[in-house]
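Subject: Structure for your review

Dear colleague,

Please find below the structure that I am handing over to you. My notes on it follow directly after.

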Amino acid sequence: MLNKRMLLLLGIIMSMVLVLAACGPDRESSDDSESNDTEDTEESENSEETSDDSGEESSDGISAEKPEKLVVWADEEKSVGIEDAIAAFEEEHGIEIEVSELEMATKQKEQLRLDGPAGTGPDVLTLPHDQIGQMAKEGLVDPISVDDETLGIYTDSSVQAVTFEGETYGIPKATETPVLIYNKEHMEEAPESMEELYEMSQEFNGDGKYAFLALFDNYYFAHSILAGYGGYVFEENDGTMDPMSLGLNTEGAIEGGEYIQKWYEEGLFPEGIIGESGGSTKTGLMEDGQVAATMDGPWAVQGLRDAGIDYGAAPMPKLPNGEYPQTFVGVKSWNVSGYSENKEWATEFIKFIANKENSKARFEAVGEIPPVQSLIEDPVIADDPVSKAVAIQSERGVPMPNIPEMGHVWEPMAGALQLIATGEQTPEEALNEAVDTIKTNIETNQ
């Protein structure tokens, strides 16, 4: 009897063990699962690493493979202005930035023609904007892809300056344009209009003194007057200039020429400031304290400072027609080489070093005025009269055309303006002849 009970109990126990065994965790299976999960995770991490290396979009939002290094050509004695920005970019992105200084106006263009095809050129260079058209046609620089928000912080004229045939070829770095610079000994504050300068000239001039001087026989300065009356160089449609449609002998341009001629005809400018020696003559008179006000660029300030002149500066006064003179604006920009193999990262770099914060730091280091709209009212610029005047005038001016055909404009216009200044031709005659010559030269060289 007892044996039967024991057998029955053992049977029940064995059944429970089998049931629990069936319901319990499959340890071996679980281990396999964990192993698979680990492998999946490692595989995923490896996949992410591979993604960065293979050029899939990274956390930086750039799809191109991240280079170890970018090569940058900066202007002579100006790279100090981007040292902090470079350090920040290197830390943020893990890309080394190698900087070399090379003269900007001619050397960078010439050297890129040699180093670019050889594979030893830069990823980033810096140019005056009026070279962009020619260099774009040669394939030396490439258009960049930037959104409206990025470009929106800069003045309209600076963005226009780096635009060629409707595409953006750089990020604006610095701007310069002529302004009114005056001697506080003779002029307490800048006048509101050119007519005030004209009236002052009639009373002040004499004994070698002049109320106002300008190189109006030089097209760089005279364009402000011709354009203020409605003239223009090339007709522009949708960001593209038509080199055969010139506006330098329009009714407005001729009226501007007549206003220029008035200053010379009435003897308000000395004869010595006409021609090649005009610039040095004007500068000498200003630094000798013989002139109350002059139209000049920020580059003239150091000479006045050295001469001990107590000077002020202001945007150019209004013309008699109520319009502001439209001075030529020169813009320096950061550009991406057409030979760079890292164009996306080069673009990211120039966007970074020319943002508002880094533009302000660069201004404080090298004194070149950034065309960043919001910085015009920043105390760092607003408290400096010359910088503020240039910044405001740059908004009222127009960028020099950046198409190659602009090279055919300077000499004929200089000739026309000297004929106007000396009274040898009427403005209409002189400007008509200049436009005919420019068109012929452009057609001949096409």
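**Helix packing and overall make-up**

The crossing of α10 and α17 is right-handed (a crossing is left-handed if the near helix is turned anticlockwise from the far one by less than a right angle, and right-handed if clockwise). The residues of this α10 and α17 contact comprise five nonpolar, two polar and no charged; Ala, Val, Leu, Ile, Met, Phe, Trp, Tyr, Cys and Pro count as nonpolar, Asp, Glu, Lys and Arg as charged, and the others, Gly among them, as polar.

Please note that this is a predicted model, in which local features need pLDDT of at least 70 and side-chain atom pairs count only at pLDDT 80 or more, whereas totals for chains, interfaces and linings use all residues. Residues are numbered from 1 along each chain as its sequence is written, and side-chain values use heavy atoms, with hydrogens and water left out.

Helix α10 spans residues 251-265 and helix α17 residues 410-422; their axes are 8 Å apart, at an angle of about 50°. That makes α10 oblique to α17 (under 35 degrees counts as roughly parallel, over 145 as roughly antiparallel, 65 to 115 as roughly perpendicular and the rest as oblique). Axes are lines fitted to C-alpha atoms, for helices over the stretch in contact, and angles run from 0 to 180 degrees between N-to-C directions. On the α10 side, G257, I260, Q261 and Y264 meet L417, I420 and A421 of α17 (contact means heavy atoms within 4.5 Å).

Helix α17 also packs against helix α18 (residues 427-444), where the axes come within 9 Å and cross at roughly 170°. That makes α17 roughly antiparallel to α18. From α17, the contact involves P412, M413, A416, L419 and I420, and from α18, P427, A430, L431, A434, T437, I438 and N441. These residues divide into 10 nonpolar, two polar and no charged.

Elsewhere, K109 lies in helix α4 (residues 107-118). Leaving aside neighbours within four places in sequence, K109 is in contact with Q131, M135 and L140. K109 and Q131 are 22 residues apart in sequence, and their C-alpha atoms are 8.6 Å apart in space.

For the protein as a whole, there are 18 helices and 14 strands (DSSP runs, numbered from the N terminus: H or I of at least four residues for helices, E of at least two for strands). Of the 446 residues, 47% are buried, that is, under 20% relative accessible area with a 1.4 Å probe, protein chains only. Among contacts with a separation of 6 or more, 75% join residues 24 or more positions apart.

Yours sincerely

Notes: Buried < 20%, exposed > 50% of the residue type's maximum accessible area, 1.4 Å probe, protein only.
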